[in-house]
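Me: I would like to go through this model with you and ask, term by term, what each description rests on. Please set the values against the cut-offs as you go.

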Amino acid sequence: MRKTEKKLYWSPYVAGALSGVVLVLSVWFTDNYFGASTSFVRSAGMIERIFTPAQVEENVYFMKNVPKIEWQWMFVAGIFAGSLAAAKLSGTFRMQAVPLMWQERFGGSIGKRAAAAFLGGIVAMFGARLADG
């Protein structure tokens, strides 16, 4: 990289180390760990409550994890907002249905990409919920 070029992104090592520091501070000061999967389930419960409130109130899981907006939900919203802001400010933001790396390996099919992303999300969420996190 030339001295006149502007660096458009953070080092992943610095970002990872800073995330680790924030995690330690979160546990130290609040006894709360980072997590995202519960927020997605709570969001589903909030949406379900609009259509079938009685089912949500009777659901054993939702008795333990009440569908509501709390610190963890805001943490996930902050991840989205922060990453969007960082991409916009760095000038690296772009909308694309099929990333170049995917196109090179699997082709340009939007449907194939959407199906793979959906199935990957199901597997990741299942694993996270199985681990109670």
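Predicted model: local features only at pLDDT ≥ 70, side-chain atom pairs only at ≥ 80, totals over all residues.

Me: What makes up the secondary structure of the protein?
Reply: The secondary structure comes to seven helices and zero strands, and from the N terminus on the elements run α-α-α-α-α-α-α.

Me: How does the radius of gyration of the protein stand against that of a compact globule?
Reply: A compact globule of 133 residues would have a radius of gyration near 14 Å, but the protein has 19 Å. The C-alpha atoms fill a box of roughly 60 × 45 × 25 Å along the principal axes, and 14% of the 133 residues count as buried.

Me: Why is Ser26 called buried?
Reply: Buried means under 20% relative accessible area, and Ser26, with a relative accessible area of 13%, is therefore buried. Ser26 lies in helix 1 and, not counting residues up to four places away in sequence, touches Asp31, Asn32 and Phe34.

Me: Why does Val21 count as partly exposed?
Reply: Partly exposed covers the range between the 20% limit for buried and the 50% limit for exposed; the relative accessible area of Val21 is 45%, so Val21 is partly exposed. Val21 has its place in helix 1 (residues 12-30), and together with Val24, Leu25, Trp28 and Phe29 it makes a nonpolar surface patch of about 570 Å².

Me: How do you know that the span of helix 2 agrees with its number of residues?
Reply: The expected span is 1.5 Å times one less than the number of residues, so the 15 residues of helix 2 (residues 37-51) should span 21 Å, and the end C-alpha atoms are 22 Å apart, which agrees.

Me: Which residues of helix 2 are buried, and what do they pack against?
Reply: The buried residues of helix 2 are Ser37, Thr38, Ser39, Val41, Arg42 and Gly45, and they pack against helix 3 (53-58), helix 4, helix 5 and helix 7 (110-130).

Me: What makes the meeting of Glu70 and Arg42 a salt bridge?
Reply: A salt bridge needs a side-chain nitrogen of Lys or Arg within 4 Å of a carboxyl oxygen of Asp or Glu; the N to O distance for Glu70 and Arg42 is 3.0 Å, so the pair qualifies. This pair links distant parts of the chain, with Glu70 in the loop between helix 4 and helix 5, and Arg42 in helix 2, 28 residues apart. Glu70 is buried, and so is Arg42.

Me: Why does Asn65 count as buried, and what is it in contact with?
Reply: With the limit for buried set at under 20%, the 11% relative accessibility of Asn65 makes it count as buried. Asn65 lies in the loop between helix 4 (60-64) and helix 5 (71-90), and, leaving aside neighbours within four places in sequence, Asn65 is in contact with Thr38 and Arg42.

Me: How many salt bridges does a search of the whole structure find?
Reply: The search finds two salt bridges. One of them is formed by Arg49 with Glu57, whose closest N and O atoms are 3.6 Å apart. Arg49, at 29% relative accessibility, counts as partly exposed, and Glu57, at 49%, counts as partly exposed.

Definitions and conventions
Residues numbered from 1 in each chain as written. Heavy atoms only, no water. Helix = DSSP H or I, 4+ residues; strand = E, 2+ residues; numbered from the N terminus. Buried < 20%, exposed > 50% of the residue type's maximum accessible area, 1.4 Å probe, protein only. Contact = heavy atoms within 4.5 Å. Patch = residues over 30% accessible without salt bridge, like charges linked within 9 Å, V, L, I, M, F, W, Y side chains within 5 Å. Areas by Shrake-Rupley, 256 points an atom, 1.4 Å probe, with all protein chains shown as cover. Rg over C-alpha atoms; globule rule 2.2 N^0.38 Å.
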